[in-house]
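Here is a short report for a first look at this structure. Keep the view open while reading.

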Amino acid sequence: MSKDHKAPSLSDPAILLPAAKNAVRKLDPRQLLRNPVIFVTEVGAALVSLIFLRDLATGSSETVFSGQIAAWLWFTVLFATFAEAVAEGRGRAQAESLKRTKSELVARRLIAGGGTETIPATSLKVGDIVVVAAGELIPGDGEVIEGVASVNESAITGESAPVIRESGGDRSAVTGGTQVLSDEIRVKITVAPGSSFVDRMIALIEGAQRQKTPNEIALSILLSGLTLIFLFVCVAIWGLAGYSGTVLSVTVLSALLVTLIPTTIGGLLSAIGIAGMDRLVRFNVIATSGRAVEAAGDVDTLLLDKTGTITFGNRMASDFLAAPGVTQAELAKAALTASLSDETPEGRSIVALAMGEFGIAMPESRFDAVIEFTAETRLSGVDQGERRLRKGAVDAVLGFAGIGEQQAPEEFRRAVDAIARSGGTPLAVADGPRLLGVIHLKDVVKPGIKERFAELRAMGIRTVMVTGDNPVTAAAIASEAGVDDFLAQATPEDKLAYIRREQQGGRLIAMCGDGTNDAPALAQADVGVAMQTGTQAAREAANMVDLDSSPTKLIEIVGIGKQLLMTRGSLTTFSIANDVAKYFAIIPALFVATYPALDALNLMRLSSPQSAILSAVIFNALIIVALIPLALKGVAYRPSGAAALLRRNLLVYGVGGLILPFAGIKVIDIAVSALHLV
Amino acid sequence: MTLIGWLQIGLLFLTVLIVIKPLGLYMAKVFGGERTFLSPVLGPVERGFYRAAGIDPDREQGWLSYTLAMLTFSVAGFVALYATLRLQGILPFNPQGFAAVPSDLAFNTAVSFVTNTNWQNYAGETTMSHFSQMAGLTVQNFLSAATGMALAAAFTRALARSKVSTLGNFWVDMVRATLFVLLPMAIVVALASVAMGLPQTLAPSVTATTLEGAQQVISLGPVASQEAIKQLGTNGGGFFNVNAAHPFENPTAFANYLNIFAMLSISAAMVYAFGQMVGSRRQGWALLAAMAVLLISGVAVVYWAEAQGNPILTALGVDPALGNMEGKEVRFGQAMTALYAAVTTGLSDGGVNGMHGSFTGLGGLVPMFLIQLGEVLPGGVGSGLYGMLVFALLSVFVAGLMVGRTPEFLGKKIEGREMKYAMLAVLILPLVILGFTAVSAMLPFAVASIGTSGPHGFSEILYAYTSAAGNNGSAFGGLSGNTVWYNTTLGIAMLLGRFAYVVPVMAMAGSLARKVKSPASAGTFPTDGPLFVGLLIGIILILGGLQFFPALALGPIVEHLAMLAGQTF
């Protein structure tokens with residue numbers, strides 16, 4: 001996760017101070033009801049506070065003890081709400097500036113008889129048409145229906161270079177809050193105010209309307225169940241102790257309860273979720289729901305577009321193969337001349353190859369005629385005096401030269417076959433009726449992508465390359481890039497069918513796309529990532545939008561999803577494992593007065609029963625604060641197989657969670673008795 | 001502890017290990033509806049049952065109708081058994097002329113046998129007629145065991161299948177479990193028992209002349225037939241009051257061996273059958289490994305604690321060489337008593353060949369703790385398997401997130417619904433055990449039933465509710481349980497322990513069955529390796545056992561520590 005830009009430091013007072021204030025505000029029991037573990041802790045804290053007040057009034061010798069327990073129980077609640085407040089605070093500044101922009105938006109709406117009226121952007125309706133001129137902000141999400149303009153989208157993407165937005169095609173979507181820099185466009189509003197992209201972004205960053213995700217709900221059920229069990233255990237202990245005549249106070253029972261229930265994960269759970277979304281935002285990806293982020297961690301199959309993701313966008317010339325009786329230099333020079341006025345990337349790559357690697361000098365560049373490439377002729381070239389140079393699809397060039405398919409020289413045909421078999425594209429070159437040879441155009445696989453795919457495979461994720469190429473070409477590139485499967489000559493329907501088939505088999509699919517024809521597949525996929533530069537339809541269908549419009553982002557998104565789930569699991573395991581030490585601290589302390597023999601269970605040799613209980617409560621509170629950075633940053637994540645991840649995390653958080661509190665409680669106990677706190 | 005003792009223990013586990021695979025494969029066939037070598041003989045009988053009851057064996061049930069069928073069947077079984085006990089006086093085969101069983105005791109006993117607990121608040125030889133023993137208790141020994149196996153088979157199908165709403169047919173599973181598994185094995189074990197000297201007669205008693213010349217009347221009855229299913233079905237309800245410590249229930253060292261072997265074999269093989277049915281034998285072995293580690297540790301602790309003896313008695317001049325022999329049969333000794341105690345409680349059997357209440361504090365803690373872990377080591381026939389699977393799902397959920405995916409078990413995603421049912425199920429044991437124990441410990445008339453003062457008396461109450469809620473049925477001894485309070489509350493504890501547990505478990509099965517079974521990949525949490533076994537053991541101990549720690553500290557733990565300190569109460 002090297003691209004962790006814009007991550008505010010944890011010790012930044014600009015975040016900590018408002019977070020502290022918010023943490024206190026979050027103590028409202030109505031709000032805490034959402035989090036049963038912390039709610040129970042608050043009830044315990046309130047109960048012990050009442051006991052403390054009673055002790056204070058009666059001048060009981062327990063006053064100092066119950067006062068401290070009450071204080072630390074309150075701290076436990078406060079630390080939990082603080083964790084959530086810090087997590088929320090990190091995105092707040094960004095949300096504030098977005099909100100400011102939004103509140104200032106006005107729209108010039110087209111009215112029936114022509115002309116415009118100026119209204120606040122918030123009263124726009126879907127279907128309204130607005131006019132936006134240079135220098136103005138676009139009032140809402142919509143589609144350009146007329147005109148072309150350059151738009152500055154830095155308010156949402158952070159990218160300052162303007163982008164072109166024009167009516168029709170795949171670049172028609174505009175986002176509210178972005179600024180038109182030149183020209184004038186008419187925009188049809190497609191999203192009601194309040195559910196626009198910026199609104200979604202604000203909601204996401206603030207975490208205010210955050211819905212619990214399915215996995216978070218399941219985990220909350222587990223934590224609530226455990227809380228219920230321990231609540232019951234603590235009530236029962238009061239009765240069990242009664243048998244031997246021991247009367248346990250509400251103070252110690254509350255302390256026992258709070259230390260046993262999973263306050264660590266209970267306190268950090270929502271912070272982990274918010275931080276996960278925040279991490280995504282910092283990667284310039286906006287998710288419509290936390291559900292999608294979780295699903296990203298579960299993805300089994302990645303559907304990746306070949307172009308731009310696996311290969312560089314364009315095919316490049318890599319070799320010249322001369323026909324019999326033609327020298328390679330002659331062919332290269334002809335190809336170069338034919339391509340001089342060809343501004344396509346392929347044409348430019350031919351020029352570069354010929355002049356670079358083959359050292360051909362710049363030829364005469366005055367032409368009698370320039371023949372442009374068209375879909376019908378499938379060739380292009382130049383006329384220069386006697387010469388009529390053409391390059392293009394093999395059958396088209398052969399047809400131009402008047403050579404029958406079977407009449408072409410054996411050597412030439414073999415070269416063409418070999419290029420096609422290797423996944424390349426053969427471009428024939430001819431000068432009038434004379435066949436000169438063939439240019440090898442080749443997809444160049446991005447460096448390092450093969451290693452990425454190997455990593456994914458180790459994580460159990462299959463990669464599927466989607467391409468419009470024919471199966472032969474596709475197979476060659478697939479094997480070079482090391483993908484697990486490919487979908488050749490893929491139409492949008494093929495993609496959709498492939499996704500459905502994989503989902504039938506119980507697999508979760510992620511894909512990215514940008515065109516309107518990708519929309520059905522984006523909607524069907526479990527994780528659909530649309531490019532910010534894509535059409536409105538694609539952005540609506542997807543459950544994530546990548547502001548950088550980088551197709552490789554999918555791989556990072558999977559990592560973020562996994563890290564989110566791992567952080568939850570690790571802290572849950574840690575929290576549950578902690579209970580062992582807490583039992584050994586508190587149980588002997590509760591009963592040692594009745595049964596002195598139970599002192600043998602005091603494994604940590606804590607100095608006194610009261611100190612043991614207080615130390616356990618303090619440890620329980622402090623561990624929440626200590627783990628806030630981990631909850632926000634996420635546990636260390638390296639792509640590897642499940643078995644290796646499990647072994648590592650089980651060792652660190654499971655075994656660590658067993659051992660650490662023994663040491664921690666002991667250290668606190670030494671401090672408590674040194675300071676004579678009890 | 002002696003080498004020969006350990007060899008005996010090792011030999012028993014080895015023989016069980018040998019039968020696990022063939023018996024497991026056989027049971028997988030039985031519950032898969034396939035033909036077995038017994039089909040030519042039993043097939044027509046099976047079809048005859050379906051015809052007579054008007055059941056279409058091919059019509060499967062969803063989780064709810066499966067569960068309702070099971071509950072209806074159990075209620076009918078309870079009513080039949082309760083009526084048998086109450087009408088005992090006018091029913092045949094009552095040579096001793098026993099009167100009707102009192103209503104609270106009849107309630108307790110009927111619940112006890114229907115729930116596969118077999119807690120006995122009565123002495124068989126002085127309470128039950130031969131008819132009650134044969135047509136009442138022995139019948140329920142078969143049916144309650146078959147019920148457990150049927151439920152386990154239904155749960156197994158939920159994990160084996162993909163996107164279905166049905167779990168099998170309860171009536172078919174019951175018939176096949178009884179006819180193809182329990183009955184043939186019970187016949188073999190009963191005949192072997194008769195050969196070893198167990199009585200199988202309708203005569204009431206035999207009169208013996210003792211060495212001193214006194215006349216002693218010794219009760220007899222159809223013992224062998226009841227003993228066989230008592231062990232095979234992990235029931236544990238003995239014909240005689242002292243259960244398998246009685247020479248007519250457990251005459252020889254070899255009979256003792258057969259006892260333990262019989263109770264372990266079906267439960268353990270059921271786990272293997274599970275692996276076979278879900279298409280992963282390794283998964284079956286992994287669950288068995290976790291069970292074996294905990295069970296064998298239990299045996300070792302009891303054996304060690306008992307072999308150490310009681311320092312207070314040693315100080316009084318008792319030879320410590322034999323260890324603590326109080327409450328043990330000399331013919332079985334330390335090793336075989338320790339093995340029996342751990343297996344009977346790890347298994348929800350509840351038969352005993354020594355008195356658990358006479359063990360040292362630590363030795364008595366183990367049987368109690370093994371029951372509190374949820375009777376999953378390997379537990380009652382069938383019930384142990386589904387109990388273990390609940391723990392497996394919990395382990396997968398807690399730790400599975402650590403691999404960065406929604407937790408999955410055998411390709412089924414574990415989500416909110418499954419967690420809800422799992423938590424409802426695991427809530428039952430602490431609720432019932434700690435709740436009733438706490439209430440009884442506070443009620444003077446309930447405390448009056450205990451046989452010993454101090455922590456041991458507390459252990460007696462704790463053990464009774466533990467045994468009832470865990471559907472184990474073994475007793476700690478000392479507690480006079482035949483009172484209205486204990487008959488009623490223990491009966492309720494048994495009902496909750498069985499049915500309040502199994503209903504959410506079956507609801508979970510219904511939810512799991514509907515899920516699509518995703519294929520495993522390198523990113524899937526591996527649930528069949530040693531790492532998972534270790535994790536599962538940890539989760540069983542922490543989520544299943546730790547909540548009983550305070551209660552155990554006040555009972556057996558403090559008793560043991562006090563004994564070491566020479567303190568008595």
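## A sheet and an interface

In chain A, A:Ile286 has A:Val545 of strand 22 as its bridge partner. The model is a predicted one.

Strand 10 of chain A and strand 22 (residues 544-546) of chain A run antiparallel, joined by three bridges. Strands of a sheet pair through backbone hydrogen bonds, in a parallel or an antiparallel way. The sheet in chain A is open and has seven strands. Their order is 10-22-21-20-11-18-19, with mixed pairing. Which strands stand at the edges? They are strand 10 (285-287) and strand 19 (485-487) of chain A. Each has a single partner strand, so one side of each lacks a neighbour in the sheet. From one strand to the next, the twist averages 20°.

| Helix of chain A | Strands of chain A touched | Angle between directions |
|---|---|---|
| Helix 9 (residues 263-282) | strand 10 and strand 22 | about 140° with strand 10 |
| Helix 21 | strand 10, strand 11 (301-305), strand 20 (509-513), strand 21 (527-531) and strand 22 | about 160° with strand 11 |

**The interface**

Now turn to the two chains. How many residues of chain A are in contact with chain B? The count is 62 residues of chain A, facing 62 residues of chain B. About 5100 Å² is buried between chain A and chain B. Carbon and sulfur atoms give 79% of that area. In chain A, the residues that lose the most area to chain B are A:Leu240, A:Tyr243 and A:Leu646. Together they make up 15% of what that side buries.

Between chain A and chain B the count is one salt bridge. A:Asp300 forms a salt bridge with B:Arg405. Their closest N and O atoms are 3.1 Å apart. Across the interface, 11 residue pairs are in polar contact.

Several helices of chain A each supply at least two residues of the side that touches chain B. Among them are helix 7 (214-243), helix 10 (290-298), helix 16 (449-458) and helix 24 (642-674). Helix 7 of chain A gives the most, with 19 residues. By class, this side of chain A has 39 nonpolar, 15 polar and eight charged residues.

Terms used: Residues numbered from 1 in each chain as written. Chains lettered and ligands numbered in written order. Predicted model: local features only at pLDDT ≥ 70, side-chain atom pairs only at ≥ 80, totals over all residues. Heavy atoms only, no water. Contact = heavy atoms within 4.5 Å. Buried area = accessible area lost by both parts, 1.4 Å probe. Salt bridge = Lys/Arg side-chain N within 4 Å of Asp/Glu carboxyl O. Polar contact = N/O pair within 3.5 Å; in protein donor to acceptor, adjacent residues only side chain to side chain. Helix = DSSP H or I, 4+ residues; strand = E, 2+ residues; numbered from the N terminus. Nonpolar A, V, L, I, M, F, W, Y, C, P; charged D, E, K, R; others polar. Pairing = 2+ DSSP bridges. Axes fitted to C-alpha atoms, helices over the stretch in contact; angles between N-to-C directions.
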